[in-house]
Amino acid sequence: MDWGLESRMARIIRPSTGRGVMLAVDHGYFMGPTNHLEVPSKTIAPIVDYCDSLMLTRGVLRTSVPASSAVPVVLRVSGGSSIIGKDLSNERITTGMREAVRLNASAVAMSIFVGAAYEQKTLVGLGKLVDEASEVGMPVLAVTAVGKELEKRDARYLSLACRIAAEFGANMVKTYYCEDFEKVVESCPVPIIVAGGPKVSEREALELVHNSVSAGAAGVDMGRNIWQSDRPVPMIKAVRSIVHDNASVDEALELVNSS
Ligand code: R5P
């Protein structure tokens with residue numbers, strides 16, 4: 001791995017544990033002002049110091065995160081469809097590589113929609129993004145999006161999507177946790193990061209984190225289960241304790257309940 005690429009990867013997946021906590025606040029790029037993320041600066045400020053990296057768009061980065069913040073940025077560079085539009089899979093690259101470098105991004109992220117109407121467009125887009133990113137030593141995170149078709153979250157489908165992302169050159173893949181997740185991890189030759197998903201109870205969210213890293217995930221990219229919690233700071237600390245300190249679910253939950 002080239003030095004610049006390796007250095008950027010190390011900001012996202014900590015070499016000391018081989019894992020990372022990514023805080024996702026990119027939801028607005030297709031969902032608009034999501035519940036508890038209406039004013040991004042207010043949501044991000046109290047919790048940003050507890051993540052290893054922050055996943056967001058350039059608009060929210062420039063307007064809502066001080067440049068003095070040392071947080072490594074995973075810049076979402078794809079979009080083009082909204083939650084009320086015709087087809088969520090109709091995405092393309094919306095932010096260029098020079099812009100990513102200008103913003104001091106530690107990685108760029110785009111969604112691929114395997115099995116959806118615009119599968120080919122997003123996969124060819126991933127190949128092109130990897131070409132451009134390789135030129136400047138920028139890691140690419142491929143997000144295996146399932147759109148509204150949540151029934152696709154099984155090991156067979158997610159293994160297919162993650163493997164294709166890796167074959168196209170993604171340096172990391174973000175996907176969903178599912179039963180037999182070890183199979184998804186085993187057949188994907190690059191680190192896998194698990195997305196949090198819609199808000200559930202704090203115990204369920206921490207179980208998801210614990211199950212994911214126990215099955216071999218290199219960490220989580222969690223949003224709503226942190227900042228839609230009544231206790232976002234204790235919640236992200238609890239997530240960290242599982243990811244980096246191998247805390248049990250009960251130990252992590254205690255951090256939340258004792259806050
Ligand atoms: C997909 O890439 C989304 O925009 C989010 O980044 C992802 O779903 C993680 O956030 P959450 O934990 O809220 O699902």
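Predicted model: local features only at pLDDT ≥ 70, side-chain atom pairs only at ≥ 80, totals over all residues.
Visitor: Which residues come nearest to the ligand?

Guide: The shell is read next. The ligand has 13 residues around it, and those that come nearest are Asp 26, His 27, Lys 174, Gly 197 and Arg 224.

Visitor: How do the residues of that shell divide into nonpolar, polar and charged?

Guide: The shell around the ligand holds 5 charged residues, 4 polar and 4 nonpolar.

Visitor: Which polar side-chain atoms lie 2.8 Å from an oxygen atom of the ligand?

Guide: Polar contacts are read as pairs of N or O atoms within 3.5 Å. Lys 174 has a polar side-chain atom at 2.8 Å from a ligand oxygen, and Arg 224 has one at 2.8 Å from a ligand oxygen. For Arg 76, an N or O atom of the side chain is 2.8 Å from an oxygen atom of the ligand.

Visitor: How much of the ligand does the protein bury?

Guide: The ligand taken alone exposes 360 Å², and the protein buries 95% of that area.

Visitor: Turning to Thr 144, is this residue buried or exposed?

Guide: The cut-off for buried is under 20% relative accessible area. Thr 144 has 2% relative accessibility, so Thr 144 counts as buried. Thr 144 belongs to strand 7, which covers residues 140-144.

Visitor: What does the side chain of Thr 144 join in a polar contact?

Guide: The side chain of Thr 144 makes a polar contact of 2.8 Å with the side chain of Thr 175.

Definitions and conventions
Residues numbered from 1 in each chain as written. Heavy atoms only, no water. Near = heavy atom within 4 Å. Polar contact = N/O pair within 3.5 Å; in protein donor to acceptor, adjacent residues only side chain to side chain. Areas by Shrake-Rupley, 256 points an atom, 1.4 Å probe, with all protein chains shown as cover. Nonpolar A, V, L, I, M, F, W, Y, C, P; charged D, E, K, R; others polar. Helix = DSSP H or I, 4+ residues; strand = E, 2+ residues; numbered from the N terminus. Buried < 20%, exposed > 50% of the residue type's maximum accessible area, 1.4 Å probe, protein only.
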